[in-house]
Amino acid sequence: MSERAAVVGVGQTQHKSARSDVSIAGLVREAAQGALDDAAMTWSDIDAVVIGKAPDMFEGIVMPELYLADALGAAGKPMMRVHTAGSVGGSTAIVAAGLVEAGIHERVLTVAFEKQSESDAMWGLTVSQPFQAPLVAGAGGYFAPIIRAYMRRSNAPDHIGMLVAVKDRKNALRNPRAHLHLTDIDLKMVEESPMLWEPLRYLEACPSSDGACAIVLGSEKVADAAPNPPAWIHGTAMRSEPTIFAGRDQVNPQAGRDCAADVYKQAGVTDPRRDFDAAEVYVPFSWYEPMWLENLGFCEEGEGWKLTEDGATAFEGDIPWNPSGGVLSSNPIGASGLIRFTEAAQQVRGMAGDYQVDGARRALGHAYGGGSQFFSMWVVGSEKP
Amino acid sequence: MRDVAIVGFAQSKHLAADTHRNEVEILMPVVAEAIERSGVDRKSIGFTCSGSCDYLIGAPFSFVQALDAVGAWPPIQESHVEMDAAWALYEAWVRLQHGDLDSALVYGFGKTSMGDVTEIMTLQLDPYYLAPLWPDTVSLAALQARAYLEASGKSERDTAEVAARSSRDAASNRNAVRSGDKSADDVLAESPVVSPLRPSDCPPVTDGAAAVILAAGDLVPRLTDRPVWIRGIAHNVEPHSIGTRDLAQSRSTRAAAEKAGVSTGKIDVAEVHAQYSHEELILSDALGLTNGVTMNPSGGALGANPVMATGLIRVGEAASRIASDGASRAVAHAAQGPCLQQNLVCVLEG
Amino acid sequence: MSEPVTVMNAPIRLDFEIGAGTAQSRYLKGLMEGKIRGQRCPVCKKVYLPPRGSCPTDGVPTEEEVEVAETGTVTTFCVVNIAFSDRAPEVPYVCGQVLLDGADTALLALVAGIKAEECRMGLRVKAVWMPRDEWKYSSENIKWFEPTGEPDADYDTYKEYL
């Protein structure tokens, strides 16, 4: 019942703390134009547009896709706006892929963005509600206690998070589009950075970036005619669970495990560590790498930190995680999920430039959001499924 | 395309201001009722999708809390659009095309009494050029009303007739929040809010929610022998700036109606998402509806307007006319954005 | 020749009147009486604190009120070093998940009366209330949680709540 679909064009902006040279419309158009160019298409070739971004309160525009309809060439076409909190970039890609797989459209432009310099995400995430004291200081304040719980559960040594912080930023040095290019990054630098929400240090947390990412998803017919190698979609999955419930495992959420199991089954993946050549995983805070290694079945529960420590996830390791530099190096919140999905696609297209993992043929794209409760994932490959 | 049917629909008894309950508390019984009416086992629902707008409550992630109303455990396949829930229904319809799932829960909610929705929606406008001027949505609607009246040759009496008819029809809708035995003269006697719009031409502030259950494949005959089939569904958006569009027509509604196949058969009933009386006339033209069609028998958005659920309710009401009142073929329409910028059209058949 | 405009400030002000909803209202009324009341789900029997009017896993209304103790365990926490709001406490402060005895979900709360670096998982704490004449309908009636002096709770007793 389902058609094949593939990524046939990719565009990303230069991620920076402030893109003062473009408006929000300019930002998304830049990414979209890049994707069209890569796909050798024009605006009129696109059948539908799907756009995703994080809460409207960040930029202070209600339903910004309405204002962006023109910039996205969507006027006269169907346009959808997805919003699933932090996982939105991933869900956007999945909704768009669904349109192609259902045979409804042949070419779907998929965009996600955040212009954080024109927004106040910290305020947006901690809008004070009446009847309560504001306690949680942004996303870090929410995740730091959960990280502490992981450290206790796994008895991981204290420095593991810092290893991830260094690795991802070193990877970013090979990615010209990444926001952070910390050429001097090393363990000492991370250790000496201010402790923000203990146990998380400043340099173990993601930056706040302006950025947009766009992909063109095409049908099999379109992909067969594409000028550049397509990234074939081998599976997509989404799972959600409630934020708070009795007996919830916040450290290793069931929704993440179920989502991974679903997408692996679709893609015929039985041993993720061996079956994938690269993974782009949503790690906004350093310790989420070992936590997600376990959640995504790359190792047994409690062992994630060992993989990180052993260098398995390093660029030269057997399963590079976030060769693009990941969320720790660029974080336009609404776009980050789509960037993960896109970078996974770039790997299997052989188009990741200096951060290309040699011979990558199958990769995982992952995004999560909310209180670690919304998960979206896809598996892409260089061959047709 | 896989045939998808509406097998359940429920909406809250809408209130002008639900001071006791929050969104979850309003939504929960509505979801439960829709599921119960459909006969689908809650735990086996394949996909869930909702539509809502954070800005109505003034806090981000309102849809996250709404998940509590649904019982998302074990983890569910779920998505959300920051749009009217009619688009969530579209996403669910697309998801069901995949073939691996046979049922979906769609819901939408809006508590518009907490803030000033006409001001909130001003923030939908271009943030550089338009929003800082703070043109409220009623004023923008008035611009479109004026443009339509001038271009069409219709009069304020014609829009007043729509308002009066809707008000009378809403009286037999137990869920409506505003109704009354009005005549066009009564409406014309009201002092304008923003000329040419009078209070009866404008939507009532409403708190409410709605839910729809979709089913496909072998599941449908197991649930009901009177499914309401979605025969066509499409949507379209126009340029943002109202200065660049012909406000007297709704091009995107026309395009969506064609794609959805409205004109391929006789329409008995239409439920259109007209928040203002003139919008009904514009939409009726765009949908190609003739005089024989019963328009908004529920009273429409003029009877109840829980923003973000209003469009979904149009679909549900149209489906109900087919399922219970003998209609054979209906059109449901949903809209959002300033001056009908974005529109969705759905053709339903018994 | 003046510089091109690259940034503009467009202030936005929106006023909202927020109601607490039925479940939260009951919770707040309890706090005005100096009581901490959760709600029990009729299906899974778990006690939710703060109560939300529904059980998130069963999707049914939770109506039975259950008073929980003022004492509990810090299941996990972080030390906040960034001042992000003038309503928030002075930095550094400990923000933790506190599982009160009798509840099945943890409350987000401040932990004070202990040096930040001495705070630990398993710490036994009790509620410290604001002066009675300052009480209002707000979770702020509980100022923070302070150590009780009891030995730390065994990891096994709260590990399922992480």
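The model is predicted. Chain C meets chain A through 37 residues of chain C and 34 residues of chain A. In chain C, 3 strands form an open sheet. In chain B, helix 10 is largely enclosed by the rest of the structure, because 10 of its 11 residues are buried.

**Contact between chain C and chain A**

- Chain C gives 37 residues to the contact, and chain A gives 34.
- On the chain C side, the elements that give two or more residues are helix 1 (21–32), strand 4 (71–80), strand 5 (93–100) and strand 6 (107–111) of chain C.
- Strand 4 of chain C supplies the largest share of that side, with 5 residues.
- The side of chain C that touches chain A holds 21 nonpolar, 11 polar and 5 charged residues.
- Strand pairing also links the two chains: strand 5 (residues 195–198) of chain A pairs with strand 4 of chain C.
- That pairing is antiparallel and runs over 2 bridges.
- W197(A) has V80(C), in strand 4 of chain C, as its bridge partner.

**Open sheet in chain C**

- The strand order is 2-1-3, and the pairing is antiparallel.
- Strand 2 (47–48) and strand 3 (64–67) of chain C are the edge strands, and each pairs on one side only.
- Strand 1 (residues 37–40) of chain C pairs with strand 2 of chain C in the antiparallel sense, over 2 bridges.
- Q39(C) has Y48(C), in strand 2 of chain C, as its bridge partner.
- Strands of a sheet pair through backbone hydrogen bonds.

**Helix 10 of chain B**

- This helix spans residues 277–287.
- Its buried residues are S277(B), H278(B), E279(B), E280(B), L281(B), I282(B), L283(B), S284(B), A286(B) and L287(B).
- Just after helix 10 of chain B, G288(B) takes a positive phi of about 70°.

**Packing of helix 6 on helix 10 in chain B**

- Two packed helices are described by the angle between their axes and the distance between the axes.
- Helix 6 (residues 156–170) of chain B packs with helix 10 of chain B at an angle of about 100°, and their axes are 8 Å apart.
- At that angle, helix 6 of chain B is roughly perpendicular to helix 10 of chain B.
- From helix 6 of chain B, the contact uses D158(B), T159(B), V162(B) and A163(B).
- From helix 10 of chain B, the contact uses S277(B), H278(B), E280(B) and L281(B).
- By class, the residues of this helix 6 and helix 10 contact in chain B are 3 nonpolar, 3 polar and 2 charged.

Note on methods
Residues numbered from 1 in each chain as written. Chains lettered and ligands numbered in written order. Predicted model: local features only at pLDDT ≥ 70, side-chain atom pairs only at ≥ 80, totals over all residues. Contact = placed C-beta atoms within 7 Å. Helix = DSSP H or I, 4+ residues; strand = E, 2+ residues; numbered from the N terminus. Nonpolar A, V, L, I, M, F, W, Y, C, P; charged D, E, K, R; others polar. Pairing = 2+ DSSP bridges. Buried ≥ 20, exposed ≤ 12 C-beta atoms within 10 Å, placed from the backbone. Axes fitted to C-alpha atoms, helices over the stretch in contact; angles between N-to-C directions. Parallel < 35°, antiparallel > 145°, perpendicular 65-115°, else oblique.
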